[in-house]
Amino acid sequence: MATRPRPSGAGDNLKRLLELYRTMVRIRAFEETALAAHKAGEIPGPLHVSLGQEGVAAGVCASLRKDDRLTSNHRGHGHAIAKGADPVRMMLELYGREGGSCGGKGGSMHIADFSVGMLGANGVVSGGIPIAVGAAQGLKMLKSDAIVVCMFGDGAINRGPFLEGLNWAALYKLPVLFVCEDNGVAAFTTASSVTAGPGALARAESLGVAGVTIDGNDCPAVDDAVTRLVAKVRGGSGPQFLHAKTYRWTGHTSTDAAAWRDPKEVADAKVRCPIARLEKLLGDRGVDAPDFAVVATQAQAEMDDARAKAKAAPWPKPETAYADVQDVGAAAWHK
Amino acid sequence: MAQVTTTEVTLIEAGRLAVQQEMRRDPTVWVLGEDVARGGLWGQYKGFLEEFGAERVVSTPISEATIMGAGLGAALVGTRPIIEMRIFDFVMCAMDELVNQIAKVRYMFGGQAKPAVVVRMPHGMWRNSAAQHSQMLEAWFTHLPGVVVVAPSSAEDEAGLLVSAIRSDDPVLIFDPKDLWGATGRIAEKIEPIPFGKARQLSTGDAVTLVTWSALVPKAVEAVALLTKDGVMVDAFDLRTLWPWDEDAIVASVKRTGRLLVTHEAVEVGGFGGEIVARVVDRLGPQNIKSAKRLGAPRLPIPFSPPLETQVRVTTDKIVAKVKGML
Ligand SMILES: Cc1ncc(C[n+]2csc(CCOP(=O)(O)OP(=O)(O)O)c2C)c(N)n1
């Protein structure tokens, strides 16, 4: 990339910023491509996309190693891509095709790729929290220095497992980074209208889990915060908490036009786009507009290719419906 | 054949020795649940904290959802947790983690996940414990794809089936029979695994096939003795594993006897007895069966007061009367 001389300083690593940028752009391209494919009737079932929230996924995962684990929620495409999952296999999974990440058994809501530590999206709000703390407990027992990142929405903090899981992680000083991706809504409801008290971080702190609240649309800030939190978690200080504020540009699912929401609110949010924001920063650092276009074109080509492959891929063989239920008694299942 | 030395132990001790043996064999096996570090509610983990340390014998907060879910998470990174639910009825607080997560991850993720957990859930009526500490809902879990369902009734089976459960890569649900903790049996110094899905024959006969499990096994044995005195010879089985269950053994027996009674402590309506009767009738054809019946509890919560509780229980006399009515 063409770059002009630029000032250097903390958090100013250009290569890193460009990596964050590329990840966000790839997530956006994946989500837009998936939405278009869904509209075209190519993808069955609902999709929960994360347009507008790319800064959180990209910023959180930049500090993670491949063997670090991640649990996600129903809106997990971006988390999976940022953790290193292959978009082709993900797209095949969304299409329900052979060769998908889960062989077509999971779909959008159950994207998982254990080969990159992505332990699964989850169709149950807050379902990943107990799994994350247990994974951390297991890793600690196995004397691994890998850590676990647990992603959930602001809607999840009103379910019991949030209280149980944070208490548990603090109690056993487990290597977990909790990330509340606060997009302001829970499904079709403004989260603040159903959440009492001072919010996610205060709840975490009341259980002895320290952390920070940041602007999740400021991707380098997310990266900086997570770098520090991950160092603490990996260093044995116990669980940490990141409360990342962002905004969901779309409705709850791919079929929700979000007519229930004030269009001005959405328009204002789009001004705070995490990608545009990083472009501005990168521009100040000497990256040129054509360079952004190259990244965007590459990302779109990658996702178009994934879509084409998914569209052309065969359906799973019907008999695979019987595989991977359980070993014991599996034969009896077919009857 | 070399003589195997055996020791007489209670069912609870048999289970304790089995878990201890497996924890000594495999350092990735560990236990989590409320009060397990003090030996568990029932003493089934007595001495474990001293031997294995607090990292492998984890007394947890009263957080059933996380006890279950953390067990799963720990399995997903390669350990083999034994999840102790204290008393079966509390699993209701962990149903999402059991039903939506543990039973689903392997399938839903296309075989990537290995949820190798054992879930121990002591169940059944036990000394007037009333409606929230006495339930037998094992039938629910036979309906749940993805899990193995085990309900032992003897010390030998408790030990051998626990060993199989701990070594299994499938999630295995063990319904320990609370009312039979004190039942004694003989176990070998080295506890061998007992394969899932094999019934244990309790008696042989050609008049009727009697199928049961868990707390009703001793009552079925008493009933068989009474019926034998009256000249009614019973082919009786302890199913031991409810999923997979020993369909071939039961079908072969009913083929000879022509009569089948399934009895369980659980409520009769919607109980697993219905499934057994239906399968056997399917496989043999109704024309080849003289009688096929179930005997379970009435569809009531378990009451507290002793005479009320007795009213609900399936007893030896009820089994005898039911069999006689089928002849
Ligand atoms: C236990 C549970 N209850 C309800 C739902 C239905 N549901 C799916 S997503 C969602 C909203 C979750 O809000 P949040 O976590 O903030 O994420 P968002 O969808 O707003 O991004 C709800 C209610 C569910 N999946 N699980």
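**Exercise 1.** Among contacts in chain A between residues at least 6 apart in sequence, what percentage join residues at least 24 apart?

*Solution.* Before you start, keep in mind that this is a predicted model. Step one: a contact here means heavy atoms within 4.5 Å. Step two: take the contacts in chain A whose residues are at least 6 apart in sequence. Step three: pick out those joining residues at least 24 apart, and you get 75%.

**Exercise 2.** Describe the inside and the surface of chain A.

*Solution.* First the inside: "buried" means under 20% relative accessible area, and 56% of the 335 residues in chain A pass that test. Now the surface: chain A exposes about 13000 Å², with 57% of that coming from carbon and sulfur atoms. Last, the charges: you'll find 38 positive and 36 negative side chains in chain A, and the centres of these two sets are 3 Å apart.

**Exercise 3.** Find the domains of chain B and say how they meet.

*Solution.* Begin with the bounds: domain 1 of chain B covers 6-188 and domain 2 covers 200-326. Then check the spacing: their C-alpha centres lie 26 Å apart. Finally, look at where they touch: 27 residues of domain 1 of chain B contact 26 residues of domain 2 of chain B.

Note on methods:
Residues are numbered from 1 along each chain as its sequence is written. Chains are lettered from A and ligands numbered from 1 in the order in which they are written. This is a predicted model: local features need pLDDT of at least 70, side-chain atom pairs count only at pLDDT 80 or more; totals for chains, interfaces and linings use all residues. Side-chain values use heavy atoms; hydrogens and water are left out. Buried means under 20% relative accessible area, exposed over 50%, partly exposed in between (1.4 Å probe, protein chains only). Accessible areas come from the Shrake-Rupley method with a 1.4 Å probe; for residues, only the protein chains shown count as cover. Lys and Arg count as positive and Asp and Glu as negative; His and the chain ends are not counted. The place of a charge is taken as NZ of Lys, CZ of Arg, CG of Asp or CD of Glu. Domain bounds come from an automatic or database domain assignment.
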